[in-house]
Amino acid sequence: MSVIASFKSLRRLYRSVGQHQGDRDAPNETRQPTAQEGVALIAPAHWPKHAMPNLKRTLVLFSAVTASYFAVGSWFFPEWYFGIFWGGKFWNRAWWNDGVSYWLDLHTGLLVLGVVLAFVVILLAYGYRRLFLPFIDRFAFRLVFGFGVAILATALLDYKYAKASFESWEQVEVAMGNLKSTFLGLAYEESLERSDLEAPIYYRYIDRTRVEALYSQVEPELVEKRRTVSAGESMSGKGSVAIGPAGAEVGAARQKGATSSFERPSFSPERKCVEVMKFVLGQETAHFYTDGGGWFLRRRLRTIREDLKKAWNESESLQANEITEADLEKLRFRSPNEPTTKEEKEEAERREKQYTEEFEAELSSLTGLVLIDATFAVHRNSTDGLVLMEKFSEMPRRIVFRVFAPETEELRILLNKDNPHLRVFGTVTRQLGDDGVIEVRAIALY
């Protein structure tokens with residue numbers, strides 16, 4: 001029995017020694033670190049204790065907000081987010097500015113409501129942080145990966161369903177850019193009549209009396225030239241007023257305030273003539289003429305501008321996916337050298353007939369002020385002084401402007417020149433007659 005007991009005692013001693021030796025060798029064995037040990041291996045030794053958990057939480061929060069932002073935004077505005085994902089607009093500041101302006105200018109109330117709701121959600125999340133922070137700490141990297149997959153899925157869905165709309169949108173943007181350039185060109189052509197009305201102007205003749213009379217009708221209101229403002233304090237005092245044998249003491253008060261002085265602008269007749277011409281042309285109460293071909297050109301340009309503006313307004317009321325090739329064709333400025341269809345030729349002929357009727361109606365009933373920019377033939381008339389003749393048009397009707405002006409020293413120089421180019425500002429004194437002549441009395445020549 002003693003031998004058996006001794007053997008059992010030796011076996012127990014051997015097991016205890018082997019277990020102790022295994023514990024000593026365990027650190028040398030390859031094993032997977034725990035989550036806390038992994039964090040300790042990644043984070044530098046000098047980091048604060050909570051730096052790494054906070055970093056993981058921040059990454060999860062940022063990923064969640066980004067995924068939600070792209071998912072909700074792509075649902076409501078797929079074309080705009082297609083530009084972010086696939087259209088190369090991510091680094092385009094103007095594209096982002098348009099998105100911000102959309103909310104600030106058009107939906108300010110919804111933007112404020114969204115900010116308030118976001119603030120409430122942040123407060124609730126902070127109040128119940130103990131419920132979900134352990135879950136975030138445990139699955140942080142998996143959550144970030146999952147949100148990344150959600151963003152990728154959103155981008156792929158946006159590519160599938162918004163590509164065609166985005167391409168239409170891009171075509172509209174290009175058409176709008178071309179349309180803007182066309183508008184600028186048309187505006188330049190239509191502003192030619194006012195391009196030479198900047199002072200100083202060298203007048204060869206000016207009727208100062210008539211210029212003064214016209215200017216008095218269009219003169220602006222009194223112009224405030226100086227204003228002196230003092231502090232709004234009151235000054236009070238007493239004074240005695242004697243009326244007959246009786247006297248009375250009265251209190252007086254003065255209020256210091258704003259004092260203003262007004263002056264009428266003192267312009268010379270030459271400057272007043274410039275202001276009158278600008279005013280009547282700007283208000284379209286005077287007609288500007290060069291020649292018959294120039295009249296038809298400006299009329300066509302005005303029609304083009306009206307058609308383009310109408311097409312622009314119609315396209316702005318449509319969604320990008322509703323715009324067709326026909327809509328884009330309306331926004332394109334057609335060159336006169338491009339081939340036209342039968343319908344377009346018929347439309348052009350109809351408009352030419354309309355322009356001809358408008359031309360004859362306007363010139364036949366022409367009255368009031370006119371500004372004529374043309375080359376004139378100069379003649380001397382014993383009774384009327386100088387006569388300036390311009391052959392305005394031959395087709396569709398022969399029309400001649402006959403301008404009368406007194407013979408002055410400056411105008412006598414014109415007699416020695418062949419067909420001088422002048423601008424004549426004057427008043428129609430005789431309407432178009434059967435002889436095809438419109439007579440004008442000059443107010444100013446330059």
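**Notes on the predicted model**

1. Overall make-up. The protein chain has 14 helices and 12 strands. Keep in mind that this is a predicted model. Of the 446 residues in the protein chain, 28% are buried. Taking contacts with a separation of 6 or more, 68% are between residues 24 or more positions apart.

2. Helix H13, length check. H13 covers residues 342–364, and its end C-alpha atoms are 33 Å apart.

3. H3 against H7. Helix H3 (residues 51–76) and helix H7 (residues 129–138) have axes that come within 10 Å and cross at roughly 95°. With 65 to 115 degrees as the range for that label, H3 is therefore roughly perpendicular to H7. On the H3 side, the contact is made by Pro53, Lys56, Arg57 and Val60, and on the H7 side by Leu133, Ile136 and Asp137. By type, the contact of H3 with H7 has four nonpolar residues, three charged and no polar.

4. H5 against H6. Here the axes of helix H5 (residues 93–106) and helix H6 (residues 108–127) come within 5 Å, crossing at roughly 100°. Trp103, Leu104, Asp105 and Leu106 of H5 meet Thr108, Leu110 and Leu111 of H6. The contact of H5 with H6 divides into five nonpolar residues, one polar and one charged.

5. Threonine 154. You'll find threonine 154 in helix H8 (residues 140–190). Is threonine 154 buried or exposed? Its relative accessible area is 14%, and buried means under 20%, so threonine 154 is buried. What does threonine 154 touch, leaving aside residues up to four places away in sequence? Phe70, Ala71, Ser74 and Phe85. A polar atom of the threonine 154 side chain also lies 2.9 Å from the backbone oxygen of alanine 150.

6. Arginine 208. This residue lies in helix H9 (residues 208–218). Arginine 208 has a relative accessible area of 43%, so it counts as partly exposed. Not counting residues up to four places away in sequence, arginine 208 touches Pro269 and Glu270. The side chains of arginine 208 and glutamate 270 make a polar contact at 2.7 Å. Also worth a look is cysteine 273: it is 65 residues from arginine 208 in sequence, yet 8.5 Å away in space, C-alpha to C-alpha.

7. Serine 393. Strand S9 (residues 385–393) holds serine 393. With 6% relative accessibility, serine 393 counts as buried. Setting aside residues up to four places away in sequence, serine 393 touches Gly292, Phe359, Arg398 and Ile399. The side chain of serine 393 has a polar atom 2.7 Å from the backbone oxygen of arginine 397. Aspartate 291 is 102 residues from serine 393 in sequence, but the two are 6.3 Å apart in space, C-alpha to C-alpha.

8. Where does proline 396 lie? In the loop between S9 and strand S10 (399–405). The peptide bond from methionine 395 to proline 396 is cis, with omega near 0°.

9. Positive phi at glutamate 284. Glutamate 284 is not a glycine, but has a positive phi of about 55°. Its place is in the loop between helix H10 (269–282) and strand S6 (286–289). The relative accessibility of glutamate 284 is 70%, so it counts as exposed.

10. Positive phi at asparagine 419. Asparagine 419 isn't a glycine either, and has a positive phi of about 50°. Look for asparagine 419 in the loop between helix H14 (409–412) and strand S11 (421–430). Its relative accessibility is 47%, which means that asparagine 419 counts as partly exposed.

Technical notes. Residues numbered from 1 in each chain as written. Predicted model: local features only at pLDDT ≥ 70, side-chain atom pairs only at ≥ 80, totals over all residues. Heavy atoms only, no water. Helix = DSSP H or I, 4+ residues; strand = E, 2+ residues; numbered from the N terminus. Expected span 1.5 Å × (residues − 1). Axes fitted to C-alpha atoms, helices over the stretch in contact; angles between N-to-C directions. Parallel < 35°, antiparallel > 145°, perpendicular 65-115°, else oblique. Contact = heavy atoms within 4.5 Å. Nonpolar A, V, L, I, M, F, W, Y, C, P; charged D, E, K, R; others polar. Buried < 20%, exposed > 50% of the residue type's maximum accessible area, 1.4 Å probe, protein only. Polar contact = N/O pair within 3.5 Å; in protein donor to acceptor, adjacent residues only side chain to side chain.
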